[in-house]
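The sequence and the structure come next, followed by the account itself.

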Amino acid sequence: MRIGELARRTGTTPRALRYYEEQGLLHPDRRPSGYREFGAGAEHTVRHIQLLLSAGLNTATIAEIVPCIPDGRTVLAPTCPELLGVLAQERERIDASIAGLAAARAVLERIMGG
C-alpha cells in the first residue's frame with residue numbers, strides 16, 4: 001500500500017511515516033516511480049511504534065524492539081530476551097514519572113482545598 005493509505009489506516013500522517021522510515025523503524029520498498037510501497041505488516045508495525053512512542057520510549061529504543069514483536073502481537077519474541085532489561089529500565093522511568101505527577105497533583109489538591 002502507498003503512504004497515504006497507510007496513514008489513513010493507522011490514523012497518522014505521511015510526514016510521521018516518513019520520519020519513522022528515516023529513523024529506521026519502517027522499511028518500505030520503492031516502486032520504479034520512487035513511491036514508497038508498504039507491505040501488509042506495516043500497519044501492525046506503525047501501531048506498535050505509536051504505542052511505544054506514547055509510552056515515552058525514544059526511536060532508538062523502539063528500533064531495537066520492533067523487530068522483536070512478531071506479527072500483530074505485543075509480546076516480545078523469545079529470540080530477544082536481551083531487551084527485557086531495557087524495557088525494565090523504561091518501566092522504572094515511567095513509574096518515576098507517575099510518582100512525580102501524583103505528587104504534583106497532591107500539591108494542587110492541597111492548594112485548591114485549603
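T10 has its place in helix α1, where helices (H or I, at least four residues) and strands (E, at least two) are DSSP runs, numbered from the N terminus. With a relative accessible area of 6%, T10 is buried, a term that stands for under 20% relative accessible area, with exposed for over 50% and partly exposed in between (1.4 Å probe, protein chains only). When its neighbours within four places in sequence are left aside, T10 is in contact with E43, V46, R47 and Q50, contact being heavy atoms within 4.5 Å.

This is a predicted model, in which local features need pLDDT of at least 70 and side-chain atom pairs count only at pLDDT 80 or more, while totals for chains, interfaces and linings use all residues. Residues are numbered from 1 along each chain as its sequence is written, and side-chain values use heavy atoms, with hydrogens and water left out.

**Helix α1 and its buried face**

The buried residues of α1 are I3, L6, A7 and T10. Seen down the axis of α1, these buried residues fall within an arc of 100°, so they line one face of the helix; the arc is that of the directions from the helix axis to the C-beta atoms. An α-helix has 3.6 residues a turn, so residues three or four places apart point the same way. The cover over the buried residues of α1 includes α2 (14-22), β2 (36-37) and α3. After α1 comes G11, whose phi is positive, near 70°.

| Helix pair | Axes come within | Crossing angle |
|---|---|---|
| α1 (residues 3-10) and α3 (residues 42-54) | 10 Å | roughly 55° |
| α1 and α2 | 9 Å | roughly 105° |

The axes of α1 and α3 cross at roughly 55°, and that makes α1 oblique to α3; here angles under 35 degrees count as roughly parallel, over 145 as roughly antiparallel, 65 to 115 as roughly perpendicular and the rest as oblique. The crossing of α1 and α3 is right-handed, a crossing being left-handed if the near helix is turned anticlockwise from the far one by less than a right angle, and right-handed if clockwise. From α1, the residues L6, R9 and T10 meet A42, E43, V46, R47 and Q50 in α3. The residues of this contact divide into three nonpolar, two polar and three charged, with Ala, Val, Leu, Ile, Met, Phe, Trp, Tyr, Cys and Pro counted as nonpolar, Asp, Glu, Lys and Arg as charged, and the others, Gly among them, as polar.

For α1 and α2, whose axes cross at roughly 105°, the angle makes α1 roughly perpendicular to α2. I3, L6 and A7 in α1 meet P14, L17 and R18 in α2, and the residues of this contact divide into five nonpolar, no polar and one charged.

In α2 itself, A16, L17 and Y20 are buried. Seen down the axis of α2, its buried residues fall within an arc of 100°, so they line one face of the helix. R15 and E22 are exposed on the other side of α2, whereas the cover over its buried residues includes α1 and α3. Just after α2, G24 takes a positive phi of about 80°.

Helix α3 holds both H48 and L51. H48 counts as buried at 9% relative accessibility, whereas L51 is partly exposed, with a relative accessible area of 48%. H48 and E82 are 34 residues apart in sequence and 19 Å apart in space, C-alpha to C-alpha. The C-alpha atoms of L51 and R31, 20 residues apart along the chain, are separated by 29 Å.

T61 is found in helix α4 (residues 59-65) and counts as buried at 9% relative accessibility. Not counting residues up to four places away in sequence, T61 touches V86 and E90.

R93 is found in helix α5 (residues 83-113) and, at 33% relative accessibility, counts as partly exposed. Its contacts, with neighbours within four places in sequence left aside, are A55, G56 and L57. R93 and R9 are 84 residues apart in sequence and 31 Å apart in space, C-alpha to C-alpha.

Technical notes
Axes are lines fitted to C-alpha atoms, for helices over the stretch in contact, and angles run from 0 to 180 degrees between N-to-C directions.
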